[in-house]
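Dear colleague,

I am passing on the structure below. My notes on it follow.

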Amino acid sequence: MPDWLGNIIGQDLLDGLNYITNGKHLMWYASVRFTIIAALLGAGFALIFGLFGAILLNSKFLPLRGIGLFYSNIVRGVPDVLFFLFFPLAFEQLVEWFFALSACSAQELAENIGKWPPCPDAQWFLGTYEYLLLASVSLGIVYGAFSANVIYGAMQAVPKGQLEAARAFGMGPLSVLLRVHIPQMWIYALPGLSNVWMLLLKATSLLSLLQIADIVLWADRLGAPNYLKQVGLVHPDWRWRYYLVLFLFYILVTYLSERFFNYLRKKLGRGMVEA
Amino acid sequence: MANIIELENIEKSFGELKVLKGISLSAKRGEVISLIGSSGSGKSTLLRCINMLEVPNSGSVKIDGEEILLKGNGERREPADLKQLHRIRSKLGMVFQTFNLWAHMSILENIMEAPIHVLKRDKKEVREQALELLQKVGIADKAHAYPNQLSGGQQQRAAIARALCINPKVMLFDEPTSALDPELEGEVLRVIKLLADEGRTMLLVTHDMKFAKELSDKIIFLHGGKIEEEGEVKEIFENTKSERLRQFLAASGH
Ligand SMILES: Nc1ncnc2c1ncn2[C@@H]1O[C@H](COP(=O)(O)OP(=O)(O)OP(=O)(O)O)[C@@H](O)[C@H]1O
Ligand SMILES: [Mg+2]
């Protein structure tokens, strides 16, 4: 910040301004992108898993319906924090196990029982973006199970006559699904899906569990007490202030989401009964 | 003349309830047949057996000389060849009691849907025909409206246009006016009359005896899952044989 600004707004304010625009804070603000990416990507996966799950639940064929039931009931029962820890790790080790089969010699495999990975070549180094993708898939799997349930209910809510008319005009099962059933389902699914989105959004605050330097991790670091002048402003434990900012951030995003869903409802509700 | 519809010995049960107990009927090209009978006598079920919205437990359905292939027995009977079924269905123009226009599409889109996506016809040509049909049923100005913006009578006329646009061999009507306010019935009946006068083959379930009388070549009276009496209009109304039909006609004001 230029010094002359201090004359206008006062030195204290200028110090404050300098503080919240220092390098670390800028990195904090930039880390919002991880949250946004995880939320949007996670929602995309959740929608895809949810749609497939719902189609399975709606299937007349018992084994398919069984898979749908298994997915939606089991996964909904797992705490999202646990799944968040479990899935990326399990996936990483599964991949490493496949690597190990070809990369490690039989001798190494035999010697290093109990060690992971069995040989250095099998090590898979994951960067932030790989973790982010795995995090998004985790979110997608967990909230896909909720979405599957919501979408299944919405598919049941579509009046039978609408589907019957489609069949009567010679549409096959896939056409009925894609041209009538799914397009009409959205308006009934929207309230439930908006809830799922809110939950997913909140779950993005778990990204730091995967070593991603997200907004929560940064708030933690920046808010920690600092007694060294050379590291920046000297302040005691300020974490609660930083968490407050996070609250405001999530409330803002929730508010924007709410408006977006209202807009969607109007758009999708064209011609449909107000659901 | 060739029979366009030929039903042979149709039986249908829902669980323990035997609704149709062996019904045979045929419709020639250009014939208008009205199905009458008291509520619950199985009129809708019979009509829905023709396009396999309900699969009969036994008996056969032939459309335009082609028998719809079925496999399995009784409750588990189902269409054997889905391609054939879809092809045959797209020759049958069904009009429902509750219209069942697709709510997420405009009227024009409703009408163009099956010709384009089922029959794979040229979009431009279908559009022209659709607009002509809307003109014919008298709601040309509603082409871009959504079904819920129309009155019941307008919706039913749109549904008739939708059925006509697949150039069906037969029109199937299931009580097309009974969900309508009395003052809206007339506009729909006029359209149906117009189609009858054009020489279309039609099967019509109706409670409206006056209309059945005016329109039909033949009337079929269902009772207890069987055809109790059938014949030409004159025969049915002036020379009623069965006591039940006499009672039924008396109850509906004839
Ligand atoms: N899907 C179904 N499941 C079980 N029972 C059914 C089903 N459809 C019809 N029924 C029963 O079959 C009988 C005949 O029904 P249907 O709708 O064919 O009568 P309808 O003659 O059309 O009567 P309405 O004049 O009231 O329309 C009724 O007792 C009805 O309850
Ligand atoms: Mg009926």
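**Domain interface in chain B**

The count between domain 1 of chain B and domain 2 of chain B is 2 salt bridges, a salt bridge being a side-chain nitrogen of Lys or Arg within 4 Å of a carboxyl oxygen of Asp or Glu. Glu187(B) pairs with Arg157(B) in a salt bridge, with 2.9 Å between the closest N and O atoms.

This is a predicted model, in which local features need pLDDT of at least 70, side-chain atom pairs count only at pLDDT 80 or more, and totals for chains, interfaces and linings use all residues. Residues are numbered from 1 along each chain as its sequence is written, chains are lettered from A and ligands numbered from 1 in the order in which they are written, and side-chain values use heavy atoms, with hydrogens and water left out.

Domain 1 of chain B covers 1-91 + 170-254 and domain 2 covers 94-167; the bounds come from an automatic or database domain assignment. Their centres, taken over C-alpha atoms, are 23 Å apart. Domain 1 of chain B puts 24 residues into the contact and domain 2 of chain B puts in 19 (heavy atoms within 4.5 Å).

About 1,800 Å² is buried between the two domains of chain B, 68% of it from carbon and sulfur atoms. Buried area here is the accessible area (1.4 Å probe) that two parts lose on being put together, summed over both.

On the side of domain 1 of chain B that touches domain 2, H6(B) gives the most, with 7 residues (helices are DSSP runs of H or I, at least four residues, numbered from the N terminus).

Regards

Conventions:
Helix = DSSP H or I, 4+ residues; strand = E, 2+ residues; numbered from the N terminus.
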